Amino acid sequence: ALTASRSLLDADPGHERGHMTLGWSLFFLGRRDEALAAMREAMRIAPDKSQWIAQYGEALGLDGQEDEARAQLARLEAMARVRYVSPYHFVYVHVGLGALDLAMDALERAYEVRSGSIHSIGTSFLLEPLFGHPRFVALLRQMNLHA
């Protein structure tokens, strides 16, 4: 992912998903400052994209920056008061904060309204902390996605 995102960004420096992918690649390599900077660049390019705000919030939470993660959650909540924000996006920040029951509440809402990338929940690395949660396992079964 690191190589692919860098190649993409060489060809298209304004590719927001490329910056976010680069950010997550660096994050899991332990290069947290570089990772968060890449994620902020994705948000600079697409400042109103709730998906990037949410993923940045998750990364902040996983990095132990809870106040900053909560600020991103508040930003999403404010956006949701004036336009549609997928419940799926709230899942990310709750996962980052370790609030797994709140993450499941949002994920179940996302399923009810068929929102976001709900079809890929069983393979999303961003949801990995939920994989053993009983409600997550039940949701996978309900969606016929269990192994």
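Me: Happy to start with the helices: in this predicted model, what is the handedness of the crossing where helix 2 passes helix 3?
Reply: This is a predicted model, so everything here describes computed coordinates. The axes of helix 2 and helix 3 come within 7 Å. Where helix 2 passes helix 3, the crossing is left-handed.

Me: Nice. Are helix 2 and helix 3 roughly parallel or roughly antiparallel?
Reply: Their axes cross at roughly 165 degrees. Angles over 145 degrees count as roughly antiparallel. Helix 2 and helix 3 are therefore roughly antiparallel.

Me: How many nonpolar residues are in the contact of helix 2 with helix 3?
Reply: Helix 2 brings residues including His19, Leu22 and Leu26, and helix 3 brings residues including Ala35, Met39 and Ile45. Two residues of this contact are polar and four are charged. The number of nonpolar ones is 10.

Me: How many charged residues are in the contact of helix 2 with helix 4?
Reply: On the helix 2 side, the residues are Glu16, Arg17, Met20, Trp24 and Phe27. They meet Gln51, Trp52, Gln55, Glu58, Ala59 and Leu62 in helix 4. Six residues of the contact are nonpolar and two are polar, while the charged ones number three.

Me: Which residues have the most contacts inside the largest nonpolar core?
Reply: This core has 46 residues. Helices 2, 3, 4, 5, 6, 7 and 8 each supply at least two residues of the core. Leu130, for one, touches Val91, Val95, Leu100, Ala103, Met104, Leu107 and Phe136, leaving aside residues up to four places away in sequence. The residues with the most contacts inside the core are Leu107, Ile121 and Leu130.

Me: What distance separates the C-alpha atoms of Leu140 and Ile121?
Reply: Leu140 lies in helix 8 and touches Ile121, along with Gly122, Leu145 and His146, not counting residues up to four places away in sequence. Leu140 and Ile121 are 19 residues apart along the chain. Their C-alpha atoms are separated by 8.1 Å.

Me: Is His89 buried or exposed?
Reply: His89 lies in helix 6. Beyond residues up to four places away in sequence, His89 touches Ser50, Gln51, Ala54 and Leu76. Its relative accessible area is 13%, and under 20% means buried. His89 is therefore buried.

Me: Why does Leu140 count as buried?
Reply: The cut-off for a buried residue is a relative accessible area under 20%. Leu140 counts as buried because its relative accessibility is 12%.

Me: What is the phi of Arg114?
Reply: Arg114 is found in the loop between helix 7 and helix 8, and this residue is exposed, with a relative accessible area of 56%. Most residues other than glycine have a negative phi. Arg114 has a positive value, near 55 degrees.

Me: Where is Asn144 found?
Reply: Asn144 also has a positive phi, about 60 degrees, although it is not a glycine. At 64% relative accessibility, Asn144 counts as exposed. Asn144 is found in the segment after helix 8.

Notes
Residues are numbered from 1 along each chain as its sequence is written. This is a predicted model: local features need pLDDT of at least 70, side-chain atom pairs count only at pLDDT 80 or more; totals for chains, interfaces and linings use all residues. Side-chain values use heavy atoms; hydrogens and water are left out. Helices (H or I, at least four residues) and strands (E, at least two) are DSSP runs, numbered from the N terminus. Buried means under 20% relative accessible area, exposed over 50%, partly exposed in between (1.4 Å probe, protein chains only). Contact means heavy atoms within 4.5 Å. A nonpolar core is a set of buried Ala, Val, Leu, Ile, Met, Phe, Trp, Tyr and Cys residues joined through side-chain atoms within 4.5 Å. Ala, Val, Leu, Ile, Met, Phe, Trp, Tyr, Cys and Pro count as nonpolar, Asp, Glu, Lys and Arg as charged, and the others, Gly among them, as polar. Axes are lines fitted to C-alpha atoms, for helices over the stretch in contact, and angles run from 0 to 180 degrees between N-to-C directions. Angles under 35 degrees count as roughly parallel, over 145 as roughly antiparallel, 65 to 115 as roughly perpendicular and the rest as oblique. A crossing is left-handed if the near helix is turned anticlockwise from the far one by less than a right angle, and right-handed if clockwise.
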